[in-house]
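Please take a moment to look over the sequence and the model before reading on, and keep both in view while the paragraphs below lead you from one part to the next.

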Amino acid sequence: MSKLFSLIKNELGKIFVLKSTWIMYVILAGIIIASAVITSTSNFVDTDKTYSDDWKTELQEENEALMAEIEEDEDNPFIESTNMGIIEENEYHIENDVRPYGYHAGDFTMDNLFLTSLISLFTIIVGGGIVANEFRWGTIKQLLIRPISRSAVLLSKYIALLIFTLFTVLFLILVSAAVGALFYGLPAVNPEIVVTRQDGMATSALVPEALMMYGFRTLNIIILATFAFMISSIFRSSALAIGLAMFLMFAGSTAAQALARYEWSKFILFANTDLSVYFNVVGPIRDEMTIGFSTGVIIVYVIIFIIAAWMVFTKRDVA
Amino acid sequence: MSEAAMKIIDLHKNIGRSHIIKNLNFDIRSGEVFGFIGPNGAGKTTTIRMMVGLLSMTKGDVVIQGHSIKSEYTKAISEVGAIVENPEMYPFMTGLQNLKHFARMSEGVTNERIKEVIDLVGLEKAIKTKVNKYSLGMRQRLGIAQALLHSPSVLILDEPTNGLDPTGIREIRRYIRRLAVEDNVSVIVSSHLLSEIELMCDRIGIIQNGELIATKDLHEKAETNEYIVNLDVYPVEESIDILRKMNGIEILDTSRGIQIKTYKDNIPFLVTTLVRNDIEIYGVNVLQSTLEDQFIEMIGENIIE
Ligand SMILES: Nc1ncnc2c1ncn2[C@@H]1O[C@H](COP(=O)(O)OP(=O)(O)O)[C@@H](O)[C@H]1O
Ligand SMILES: [Mg+2]
C-alpha cells in the first residue's frame, strides 16, 4: 500500500515538474480573471444591482418595468422570452419567500462552469501522455524493471490522473470563488437559490447545487481522461490519444443527439456522460432514460476502458 | 565464487517468423564480470530484455539467484539493476530527482545510499542539473548510479561504453571491477567491440545471429589470452636483457620501443621487475590481444564498423 502511495507520488511529481502543467494553471487563472473583468464591464449582466430588506416590493417593480418593456417592443420575441423568464423567476422568489441577491461570487462561480471544458482539454493532454510519454522518453524500460508489477505501475498512473483532474477542478472552483468575492462580494456563504428543473422551478442552496453541477462535469472529464488513458496505453501514442479524445469531446454528444431517434442510441457513451441533463430543462436524449441507467452505462464503459488498457499494458513486449 | 547468480536456460525468442534468439544456455557466476560480445544485430539487447522481463520468452527461462523471472518476477528482479540499450532518464528532471524517483520504486533505498551511488560514479557536481544538459558520458554514469540504487547482486549493462571516450571507458571499467571484486556483484556487460570491454571481463560469451558461439575464461593461461604489448622504456638494451631472462615473454620487435607478446597476468610482474632494475618506464600499451584476432576470425567479419 505504501508502495502504491510512492508510485502515485512519483507520477504526480512528473506531472507537476513539467512547465506545460504550470502554463495550464496560469491560463486557467488568467481566463477566470478576464471573465470577471468582462462580466463587470459588459452590460449583459447587471452586476451592480442589489436588493434591500424590502426586496419583494423591488422585485414587483422590476417585473412591472419588464412588462412595460415587452409592451413597448411588441414584435421582438427575444425580449419577450427573456423578460418573461426573469418575471417568472422573480415571482417564484416572491411566492416562496426566497430572498434574491445581486450578482455575487456564487453566481460567478456557477457561471464559470463552462471552463470545465478547458479542464477536459488539459486532462486529455495529461491522460494521453501519461503512458505514451514514457515510451517516447524511453524511460518505460527503467520504470518496468523494478520489483513492482506492471498493474501497479498502470494503476498509479491512473490514480495520479484522477488526482490531477480533481485538483484542477478544485482550483477552478476556489479561484473563481476568490476572484468573484473580490469583484462582486459574497453576501451569504450558502444562500438559497432558485433553479429550473425538468418539472419547473425549485428552491436549492448554492453550495450543494454548485458541487452537484461541478461534480457532473468532473465525471464527464474523468470519462474522457479514461478514454485518452486507454488509447495512450494501447497505442503508445499521445497524439492519437489526445486527438481521438478531443474529437469525441466535441463530436460525441452531437452524434448521440443526431441518432436519438434509434432506440439503441441510448447505449452510446456520449448519450449518457452529462448527468446534469436530469437536473435541468434539457433532459436525456430519449425519454425512457433515467439517471440510474446513465450511471450504469458510464460504469460499464469506464470498466471496459480500464480493462483494455490493463490487458495490453501488462501483457505486451516492451521493445 | 562458482555458484551461478544467473542461469540462462534454453532461451528462444521468435518475433513474427524470425528466430532472433536461438537456444541460449549459459550461467553468470557470482562476482564475475561477464562480457556479452557480438556484432550489431546479434541479439544482445533482445537477450537482455528477456533477462529483465521486458520481453516475453518464446521458450526457456532466466533464473536469477534461484528465482525465475517468469514465475517469480518480483523476487527475481529485486536482485537486478540494469541499463537496457540507452541510459534514458527523465530529461526535464535533475539527476537527483531521477535517482529519487527510481529509489521510491524499490524497498529501503535510503538518502545515504543515494549519496553513496552518486559518489561512486562521481556525479556530485552535476547532480542538481537537469538531465537534458548532460553529456552521453554523464548519462551513462547516472544510468549506472540508478542501476545500483537498491544494491543489486546482478548488474546488467547494455553497451555501457557506447559513445564514450577512452577516459570514460577506463572510468567505467574501474567502477565495474570494484563492484565485482569488493561487493561480489555479478556484472553482465554487452558490447559490439571486444577491445572496449575485454580488460574489465573475467569471462566472455560471443553471440552471433542469436546463437552463443563460444565462451572463454580470460584468466586461463591459454594461447587465446596473449597480448601484444608495447613498452616505452629506457635504456632499451638493458631492458631487452632483462626481458630475455623472464618466462613467457616473446620479443617481437625492438625498432620502435619494445614489442612483446605475453599473457595478461604476466604484465604486473613484468612491470615490477623492470622497476626493480631501475629501468625508466614511460609507457606500457596493450596494442592488441590475440583474443581479438580470434574473435574476428570466429564471427568472420570485421566488428569495428
Ligand atoms: N521488435 C522487433 N521486431 C523484429 N525484429 C527485431 C525486433 N527487435 C529486434 N529485432 C531484430 O533482432 C535482432 C537482434 O537485435 P538486438 O537484440 O537489438 O541486437 P544487438 O543488441 O545485439 O545489436 C536484429 O536483427 C533486429 O533487427
Ligand atoms: Mg543492442
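Predicted model: local features only at pLDDT ≥ 70, side-chain atom pairs only at ≥ 80, totals over all residues.

In helix H1 of chain B, the residues Lys44(B), Thr45(B), Thr46(B), Thr47(B), Ile48(B), Arg49(B), Met50(B) and Met51(B) are buried, where buried means under 20% relative accessible area, exposed means over 50%, and partly exposed covers what lies in between, computed with a 1.4 Å probe on protein chains only. Helices here are DSSP runs of H or I with at least four residues, strands are runs of E with at least two, and both are numbered from the N terminus. Because 8 of the 8 residues of this helix (residues 44-51) are buried, H1(B) is largely enclosed by the rest of the structure. Just after H1(B), the chain reaches Gly53(B), which takes a positive phi of about 80°.

Residues are numbered from 1 along each chain as its sequence is written, chains are lettered from A and ligands numbered from 1 in the order in which they are written, and side-chain values use heavy atoms, with hydrogens and water left out.

Seen as a whole, chain B is assigned a domain 1 (4-217) and a domain 2 (226-287), with bounds that come from an automatic or database domain assignment. Taken over C-alpha atoms, the centres of domain 1 of chain B and domain 2 of chain B are separated by 36 Å.

Where is Val181(B) found? Val181(B) belongs to helix H6 (residues 166-183) of chain B, and it is exposed, with a relative accessible area of 62%. Although Val181(B) and Glu32(B) are 149 residues apart along the chain, their C-alpha atoms are separated by 8.1 Å. Arg173(B) is also found in helix H6 of chain B, and with a relative accessible area of 23% it is partly exposed. From C-alpha to C-alpha, Arg173(B) and Cys201(B) are 9.0 Å apart in space and 28 residues apart in sequence. If neighbours within four places in sequence are left aside, Arg173(B) is in contact (heavy atoms within 4.5 Å) with Leu199(B) and Met200(B).

The backbone of chain B deserves a careful look as well. Most residues other than glycine have a negative phi, and most peptide bonds are trans. Glu159(B), in the loop between strand S7 (154-158) and H6 of chain B, has a positive phi near 50°, and at 9% relative accessibility it counts as buried. Asn184(B), which lies in the loop between H6 and strand S8 (186-191) of chain B, has a positive phi of about 55° although it is not a glycine, and at 41% relative accessibility it counts as partly exposed. The peptide bond from Tyr234(B) to Pro235(B) is cis, with omega near -5°, and Pro235(B) lies in the loop between strand S11 (226-234) and helix H8 (236-245) of chain B.

Turning to chain A, we can follow helix H9 (residues 150-184) and its crossing with helix H12 (residues 291-315), where the axes come within 9 Å and cross at roughly 135°. These axes are lines fitted to C-alpha atoms, for helices over the stretch in contact, and the angles run from 0 to 180 degrees between N-to-C directions. H9(A) and H12(A) are therefore oblique to each other, since angles under 35 degrees count as roughly parallel, over 145 as roughly antiparallel, 65 to 115 as roughly perpendicular and the rest as oblique. The residues of the contact of H9(A) with H12(A) divide into 8 nonpolar, 2 polar and 2 charged, where Ala, Val, Leu, Ile, Met, Phe, Trp, Tyr, Cys and Pro count as nonpolar, Asp, Glu, Lys and Arg as charged, and the others, Gly among them, as polar.

Helix H1 (residues 2-16) of chain A also crosses H9(A), with axes that come within 8 Å at an angle of roughly 55°, so H1(A) and H9(A) are oblique to each other. The residues of this contact of H1(A) with H9(A) divide into 14 nonpolar, 1 polar and 3 charged. Within helix H9 of chain A we also find Thr165(A), which is buried, with a relative accessible area of 0%. Apart from its neighbours within four places in sequence, Thr165(A) is in contact with Thr123(A), Thr218(A), Ile221(A) and Ile222(A).
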